[in-house]
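Colleague: I'm new to this one. Could you show me how to read its features, step by step?

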Amino acid sequence: MKRRLAALTLCFAMAASMLAGCGEKEEDDNKELVLYTWEGLFPQEVLDGFEEETGIKIISSNFDTNETMLEKIQQTDGKDYDIVVGDDYIIEQIVNNGLAKKLDTSQIGNFKNINPLYQSQFYDPDNEYTIPHGAGIPLIVYDPEQIDFEIKGYEDLWNPKLEDKIAMIGSYRAVNGFVLQTMGKSMNEEDVQVIEQAGEKLKELAPNIRMIQDSDTQNALLNGEAGVAYLYTSQVTAALAENPDLKVVYPEEGLGFGIMNLFVPKNAPDELNAYKFLDYILEPEVAAKCFDALGYYCTTRAADDLVNPNLVVPDSVTKGEIVQNVSGEANEAYEKNWTEFKAACD
């Protein structure tokens, strides 16, 4: 009997050991991080480096618009993703709706590497929820071989010499915004009468517009179809890489900023893995790889000396605004301006 009991005990011990071993392996195999981002936000070598360094497998899912992302996070109550990216205006809704988790910055040793210029914004004044990951500044770029005068600001776009020469991105708020800036007004103007006045001035720009195109707009400048372009930052970078003789204008009326941010959804399944990734991408060398690939202004100050110098905001930039959410009435006025402007350009 004693021998049988001893044998049974040994069998149970072996079985328990095997089960424990299986459980450990299963846990290791399930170390995952789920990203929900724009396509191509992170270079593959950065993602591979994180997996190699931590053993955490990255699963990526992409969206096409901020609004799609917001809808998905609302539907899932933040349970399906560990890290999500969004632009500033949509982040305000994310935070206000309680969909983002307050960050435990003690888990993010490289948090100090962030450039404070891009922190404490309207959507996260106390820097509790977000990690800035790239700033966009739509800019005017022109070809001095085609344009025989110096462009210094937005107001110059109305010059009759530029008839049928301007290629423009399709961001209705950014375009309405720079028109308002030429009028000495805020990009986030709420007064509908003022917005309507901006709409009338915008329609006066129509004869100078060659095309309105949101993707690869820089190609019109590079192939000579347009002499001037109003471009997203990534498009400016792409244009300069192919033709460094192009002139970049930091408009004297002021800039329009946009900041992408990373956040952890309130019910993220792997919060600790999310902190590991956030800490990783704030390492100077990793951040520089990200921004060089993105073509966005570097928001990690510790990487300023490593990244493409064209992606570091020059000291001369002192005026700028972030496009913010406005009232429904104001937004309808902006959309009306844009619809009428595009019709005038056809």
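Predicted model: local features only at pLDDT ≥ 70, side-chain atom pairs only at ≥ 80, totals over all residues.

Colleague: What helices and strands does the chain have, and what does it span?

Modeller: The chain has 11 helices and 11 strands. Its C-alpha trace spans about 105 × 45 × 35 Å along the principal axes. Out of 346 residues, 47% count as buried. The chain exposes about 16,800 Å², and carbon and sulfur atoms supply 46% of that.

Colleague: And how do contacts run along the sequence?

Modeller: Take contacts in the chain between residues at least 6 apart in sequence: 76% of them join residues at least 24 apart.

Colleague: Next, pockets. How do I find empty space?

Modeller: The general idea is that rolling a probe the size of a water molecule over the atoms shows where empty space is left. Here, the largest pocket holds about 1,500 Å³ of space. Its lining is made of 47 residues, with Trp38, Asn66, Asp87, Tyr232 and Tyr296 nearest the centre. Elements giving two or more residues to that lining include helix H3 (66–76), helix H4 (88–96), helix H5 (172–182) and strand S10 (255–263).

Colleague: Which element gives the most to the lining of the largest pocket?

Modeller: That's S10, with 5 residues. Sorted by class, the lining of the largest pocket has 21 nonpolar, 18 polar and 8 charged residues.

Colleague: What volume does the second largest pocket have, and what lines it?

Modeller: The second largest pocket has a volume of about 170 Å³. It is lined by 12 residues, and Leu117, Tyr118, Gln121, Phe257 and Gly320 are the closest to its centre. S10 turns up here too: S10 and strand S11 (320–322) each supply at least two residues of this lining. The largest share, 3 residues, comes from S11. By class, this lining divides into 7 nonpolar, 3 polar and 2 charged residues.

Colleague: How should I read a helix?

Modeller: An α-helix has 3.6 residues a turn, so residues three or four places apart point the same way. Now look at H10: its buried residues are Val286, Ala287, Ala288, Cys290, Phe291 and Leu294. Among the elements covering them are helix H2 (44–54), S10 and helix H9 (271–281). Just after H10, Gly295 takes a positive phi of about 75°.

Colleague: Last topic: aromatic rings. What do I look at?

Modeller: A pair of aromatic rings is described by the distance of the centres and the angle of the planes. The count here comes to 13 aromatic pairs. One of them joins Trp38 and Phe63; this pair is tilted, at 4.8 Å centre to centre with 55° between the planes. The two residues are 25 apart, with Trp38 in the loop between strand S1 (32–37) and H2, and Phe63 in the loop between strand S2 (57–62) and H3. Phe63 counts as buried, at 7% relative accessibility.

Colleague: Where do Phe178 and Tyr230 lie, and how do their rings pair?

Modeller: Their pair is edge-to-face, 5.0 Å centre to centre with 75° between the planes. Phe178 lies in helix H5 and Tyr230 in strand S8 (residues 228–231), so the pair ties together parts 52 residues apart in sequence. Phe178 is buried, with a relative accessible area of 0%, and Tyr230 is buried too, at 3%.

Colleague: Which residues form an aromatic cluster with Trp38?

Modeller: Tyr36, Phe63 and Tyr81 form one aromatic cluster together with Trp38.

Notes. Residues numbered from 1 in each chain as written. Heavy atoms only, no water. 1 Å grid on protein atoms, 1.4 Å probe; cavity = no way out; pocket = protein on both sides within 12 Å on 5 of 7 lines; lining within 4 Å. Points joined across faces, edges and corners; volume = space filled by probe spheres on them. Helix = DSSP H or I, 4+ residues; strand = E, 2+ residues; numbered from the N terminus. Nonpolar A, V, L, I, M, F, W, Y, C, P; charged D, E, K, R; others polar. Buried < 20%, exposed > 50% of the residue type's maximum accessible area, 1.4 Å probe, protein only. Contact = heavy atoms within 4.5 Å. Areas by Shrake-Rupley, 256 points an atom, 1.4 Å probe, with all protein chains shown as cover. Phe/Tyr/Trp six-rings, centres within 6.5 Å; stacked < 30°, edge-to-face > 60°.
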